Amino acid sequence: ALPALAPLIAANAPQLLMLQEADRPPDWPADAVGCAVPGQRWGSWLLAREGSLTPIPLPDYAGWLTGATWSNGSDSVECFSLHSPSGTDRSYVAECLRMVGLIDKKVGRSLPVVIGGDFNFKSFGRRAEGEAVANTNEELRALDEFENLGFSIAWRATHPSAPLPQTLRWSRNPVTPYHCDGFLVRGLDIRGCEIVRTDDLGSPSDHDPVFIALAPTGAA
């Protein structure tokens, strides 16, 4: 609901929000694109505070994957809010690979692309040497494939040697560095990527939000 988002918006002033496992805020004052997972109240959403959103149809993952072209002045970016689905015959990692592959085929290479959300990896990014949690071979193959498609993993790109922090706040295990939320970026400069600790912001989510700062490639 919008009251839960208000502290995040006030503290960070994002231009675009990507939500997963969420109801559509009924009183959102600007452009919004998304839908619920069939049979559920919640789904994935793109909420613009500025500019306009033109939906990109992705019927294979209704409610799990929402896409839109975000136009803000002279700039346009292909944006996707992703939540790797549960209850399929593929692993979370395999689902993410399939979803990112569908996005790549759908949008081509003409516009910048940002994919953000809950990838459900325990290591969405390469772990630093010596971390208690290690990448699985399946995760490493997926990370390789994302990079082969031209994507950068935003948090790792901006923190090249730091241990991956936790983004999933388990009540039973609050310290395990389970890093499953983040961004894939292609065709834009990544100026920053940080995890916001929601204990101080009043969010009811069990995931800490991740914020990213982007600029057109080569911008001053």
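Modeller: Let me start with a term: contact means that heavy atoms lie within 4.5 Å. By that criterion, residues 24 or more positions apart account for 57% of the contacts in the protein chain with a separation of 6 or more.

Biologist: And what sort of model is it?

Modeller: This is a predicted model, in which local features need pLDDT of at least 70 and side-chain atom pairs count only at pLDDT 80 or more, while totals for chains, interfaces and linings use all residues. Residues are numbered from 1 along each chain as its sequence is written, and side-chain values use heavy atoms, with hydrogens and water left out.

Biologist: How many helices and strands are in the chain?

Modeller: The protein chain has four helices and 11 strands, where helices (H or I, at least four residues) and strands (E, at least two) are DSSP runs numbered from the N terminus. Its radius of gyration is 16 Å, close to the 17 Å that the globule rule gives for 220 residues, so the chain is as compact as a globular protein of that length. That radius is taken over C-alpha atoms, and the rule is 2.2 Å times the number of residues to the power 0.38.

Biologist: What share of the residues is buried?

Modeller: Of the 220 residues, 49% count as buried, a word that means under 20% relative accessible area, with exposed being over 50% and partly exposed in between (1.4 Å probe, protein chains only).

Biologist: Now the helices: at what angle do α2 and α3 pack?

Modeller: Helix α2 (residues 92-107) and helix α3 (residues 137-148) pack at an angle of about 10°, with their axes 10 Å apart; axes are lines fitted to C-alpha atoms, for helices over the stretch in contact, and angles run from 0 to 180 degrees between N-to-C directions. The two are therefore roughly parallel to each other, since angles under 35 degrees count as roughly parallel, over 145 as roughly antiparallel, 65 to 115 as roughly perpendicular and the rest as oblique.

Biologist: Which residues meet there?

Modeller: From α2, Val93, Ala94, Cys96, Leu97 and Val100 meet Glu138, Glu139, Ala142, Glu145 and Phe146 of α3. The residues of this contact divide into seven nonpolar, no polar and three charged, with Ala, Val, Leu, Ile, Met, Phe, Trp, Tyr, Cys and Pro counted as nonpolar, Asp, Glu, Lys and Arg as charged, and the others, Gly among them, as polar.

Biologist: I care about cysteines. Is Cys79 buried or exposed?

Modeller: Cys79 is buried, with a relative accessible area of 2%, and its place is in strand β6 (residues 75-83). Leaving aside residues up to four places away in sequence, Cys79 touches Leu16, Met18, Leu46, Thr66, Gly67, Ala68, Trp70 and Val114.

Biologist: Where do Ser110 and Pro112 lie?

Modeller: Ser110 lies in the loop between α2 and β7 (113-118), and Pro112 lies in the loop between α2 and β7 as well. Ser110 counts as exposed at 66% relative accessibility, whereas Pro112 counts as buried at 17%. Among the residues that Pro112 touches, not counting those up to four places away in sequence, are Ser76, Val77 and Arg186.

Biologist: Which way does the backbone go at Glu21, positive or negative phi?

Modeller: Glu21 has a positive phi of about 50° although it is not a glycine. Glu21 lies in strand β1 (residues 16-22) and is partly exposed, with a relative accessible area of 43%.
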